[in-house]
Amino acid sequence: STIQKNNMNYYKYILLIILIFSFSINLYYFIQTSEQPLWWDEAEYMSTAKSWAFDIPYKISPQRPPLFPLLGFFTLKIGLGILAFKFLFVLIPTLLNVFVIYLLGKEFYNEKVGLIDAFIMSIFWSLIFWTARFHPDSLALLFQLLAVYYFWKGIVKGETMQKKRIVYGALTGLLSGLAFLVKIQSLLLFPIFGLYILFILI
């Protein structure tokens, strides 16, 4: 109906405003912290990336998963600086997290809940704090949320088309793996998904 279409357009405008708001906040802190010294763990990630990119001797820490510094390596190797790396793989994932949490809220409940979730995520202090630093948390969270999203659509919600279920299942596994390669704690996704699948089989 016309009313439903108007409501859908209204929700889209609200989502766009929330995304612009989130981007503005994080861009402000991105600029404010662009010249601050690196913390120890930030320095480890960037030193690893620079070691790989420029063959600089550095003892790489075995406790750091490889994907985040590897993305830094590619960024530096093509001639972009560390701020470009931070923008592409920290700030942009934060913005995408706001959008994906909207999708999850919409899938779990409805569009209004999705918008509320997105707004809360946009002002969540911890996410804003880590977005201002060379940290993998935002990128890991993005992969985690996307894995949950596709797991819900393919397994929990039970996609009727077999091909889609296979694709969603594959995406769940791929994204969970990428999350683990960014942050070790993402390993928790595997037993959570596994226990659910075991539960529905029983």
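Apart from its neighbours within four places in sequence, F143 is in contact (heavy atoms within 4.5 Å) with L67, L175, L178, A179 and V182. The model is predicted, so that local features need pLDDT of at least 70 and side-chain atom pairs count only at pLDDT 80 or more, whereas totals for chains, interfaces and linings use all residues. Residues are numbered from 1 along each chain as its sequence is written, and side-chain values use heavy atoms, with hydrogens and water left out.

**Overall architecture**

- The protein has nine helices and zero strands, where helices (H or I, at least four residues) and strands (E, at least two) are DSSP runs numbered from the N terminus.
- Along the principal axes, the C-alpha atoms fill a box of roughly 60 × 40 × 30 Å.
- Of the 202 residues, 40% are buried, a term for under 20% relative accessible area, as against exposed for over 50% and partly exposed in between (1.4 Å probe, protein chains only).
- Among contacts between residues at least 6 apart in sequence, 66% join residues at least 24 apart.

**The largest nonpolar core**

- A nonpolar core is a set of buried Ala, Val, Leu, Ile, Met, Phe, Trp, Tyr and Cys residues joined through side-chain atoms within 4.5 Å; the largest one has 36 residues, of which A118 and F143 touch the most other members.
- Two or more residues each are given to this core by several elements, including helix 1 (2-32), helix 4 (82-108), helix 7 (137-156) and helix 8 (162-182), and helix 7 gives the most, with nine residues.
- The buried residues of helix 7 include F143, L142, L146 and F151, and also K153 and S138.
- Helix 7 is followed by G158, whose phi is positive, near 75 degrees.

**V90 in helix 4**

- V90 lies in helix 4 and counts as buried because its relative accessibility is 0%.
- Leaving aside neighbours within four places in sequence, V90 is in contact with F68, F85, W130, T131, R133, H135 and S138.
- The C-alpha atoms of V90 and F134 are separated by 7.1 Å, although the two residues are 44 apart along the chain.

**A nonpolar surface patch**

- F21, I116, F119, I120 and I123 make a nonpolar surface patch of about 460 Å², and helix 5 supplies the largest share of this patch, three residues.
- I116, which lies in helix 5, is exposed because its relative accessible area is 51%.

Note on methods:
Patch = residues over 30% accessible without salt bridge, like charges linked within 9 Å, V, L, I, M, F, W, Y side chains within 5 Å. Areas by Shrake-Rupley, 256 points an atom, 1.4 Å probe, with all protein chains shown as cover. Salt bridge = Lys/Arg side-chain N within 4 Å of Asp/Glu carboxyl O.
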